[in-house]
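Student: Could we go through this model together, a piece at a time? I'm new to it, so please spell out the terms as we go.

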Amino acid sequence: MLELTYRCPLKCPWCSNPVNAAPGHGSELSTDEWKQVLRQGRELGALQLGFTGGEPMLRDDLEELVEEANRLGYYTNLITSGVGLSEARLVALKQAGLKQIQLSIQSSDRDLTDALVGAKVFDLKLKVARMIKAHGFPMVLNVPVFRHNVDQTAQVLAMAEDIGVDYLEFANIQYYNWALLNRDELMPTREQLERAERTVNEARQRLGDRMTIYFVIPDYHESRPKACMNGWGSIHLTIAPDGTAMPCQEARSIDGLSFPTVREHGLDWLWNESPTFRKFRGLDWMREPCRSCDEREIDFGGCRCQAFLLTGDACNTDPACAKSPHHDLIAQAVARATDPTRVRMPLIMRTAPQEQPT
């Protein structure tokens, strides 16, 4: 995964950009540096590549990078809000060899979408969605799921069917960075999620092969954690805009780890030798109850970033697991967020570091 930039015209309050990420691009890798990363990735055997951000359309060299990735043999995917994706650039990306586009949309309602992202973009997103289909791209429509839109599942399905979406992903948001700041306001109830999943299952039966629908389960409401990245340093590598190499895009939230960059080391060393990638790779790092758990090779102890953010120690069992001695932290968070008597607060919108609330 290449995070080409942290810059973005939207202000989504669940954004995965680090809360202290500078919006400018002075430290972003150059075109030539990104091309070197692409070549080294193929030498390691990487086959699939996602161009993301921030908003990757803000990179003027995106088409050039896609063309190089295609030349090297990658299957390329663009992950975008749609802002900046004009028809001319869409044609250029098609000519450069881009294989797939994942477009995000926040709801089926214009006013809600525009309010949630801090910009009038709903109509633009629908226009871009239809352009993507018109130019023959396999299209993924990504819908982040949270309290404000979870009850619109049926309407979102109808909208996706009208567009002709190939893949629809309802992605219950994970509570890191901006989403963690807004967790109490964003978290839906279990009852809302169960209704949404029933609606999705009914649509799967009705639509059959016409649309593939994913429903990413939220681990705050489950008894077992997600198999995060299929294990730390197992199959996934993220390169941040400044060249920092990470086992996942949230890894820098863990204090005490150093994160070398591609400006200092080649990808081969970063993947195979970096102490950061080796820190939680495999099973040897595990403590009890993970160490003796018969599910340790299924969920790999859950998410290291979530363990750190909630318990202060990345070696702990992910509190999302009911076997974790820290599971009460999850139960308390759910109870607080879904308490019907709690006073609702305004969402904290993503802002530049100097504007961030204290």
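Predicted model: local features only at pLDDT ≥ 70, side-chain atom pairs only at ≥ 80, totals over all residues.

Student: Is α13 mostly covered or mostly uncovered?

Tutor: Helix α13, residues 304-311, is mostly covered, since six of its eight residues are buried. Buried means under 20% relative accessible area, exposed means over 50%, and partly exposed is in between, using a 1.4 Å probe and protein chains only. The buried residues of α13 are Arg304, Cys305, Gln306, Ala307, Phe308 and Leu310.

Student: And what covers them?

Tutor: The cover over the buried residues of α13 includes α8 (183-186) and α14 (327-337), where contact means heavy atoms within 4.5 Å.

Student: Switching to helix pairs, how do α1 and α2 pack?

Tutor: Two packed helices are described by the angle between their axes and the distance between the axes. For α1 (residues 31-44) and α2 (residues 62-72), the angle is about 20 degrees and the axes are 10 Å apart. Axes are lines fitted to C-alpha atoms, for helices over the stretch in contact, and angles run from 0 to 180 degrees between N-to-C directions. The two helices, α1 and α2, are therefore roughly parallel to each other; angles under 35 degrees count as roughly parallel, over 145 as roughly antiparallel, 65 to 115 as roughly perpendicular and the rest as oblique.

Student: Which residues make that contact?

Tutor: On the α1 side they are Thr31, Trp34, Lys35, Leu38, Arg39 and Arg42, and on the α2 side they are Glu64, Leu65, Glu68, Ala69 and Leu72. By class, the contact of α1 with α2 has five nonpolar, one polar and five charged residues. Here Ala, Val, Leu, Ile, Met, Phe, Trp, Tyr, Cys and Pro count as nonpolar, Asp, Glu, Lys and Arg as charged, and the others, Gly among them, as polar.

Student: What about α6 and α9, at what angle do they pack?

Tutor: Helix α6 (residues 153-163) and α9 pack at an angle of about 30 degrees, with 9 Å between their axes, and α6 and α9 are therefore roughly parallel to each other. Thr153, Ala154, Leu157 and Glu161 in α6 meet Ala196, Thr199, Val200, Ala203, Arg206 and Leu207 in α9. The residues of this contact of α6 with α9 divide into six nonpolar, two polar and two charged.

Student: Now the strands. Which faces of β4 are covered?

Tutor: Both faces of β4 are covered, with Gln100, Gln102 and Ser104 buried on one side and Ile101 and Leu103 buried on the other. Strand β3 (residues 75-80) pairs with β4 in the parallel sense over four bridges, and two strands pair if DSSP finds at least two bridges between them. Leu78 stands opposite Ile101 in β4.

Student: And which residues are on the two faces of β7?

Tutor: Strand β7 (residues 212-216) has Ile213 and Phe215 on a covered face, whereas Thr212, Tyr214 and Val216 are on an uncovered one. β7 pairs with β6 (residues 167-172) in the parallel sense over five bridges, and Tyr214 in β7 is the bridge partner of Glu169.

Student: Last topic, where are there cis peptide bonds?

Tutor: One joins Gly53 and Gly54, with omega about 20 degrees, and Gly54 is in the loop between β2 (48-52) and α2. Another joins Glu288 and Pro289, with omega about 5 degrees, and Pro289 is in the loop between α11 (275-278) and α12 (296-299).

Student: Which residue other than glycine has a positive phi near 45 degrees?

Tutor: That is Asn177, which is found in helix α7, residues 177-181. Asn177 is buried, with a relative accessible area of 17%.

Methods:
Residues numbered from 1 in each chain as written. Heavy atoms only, no water.
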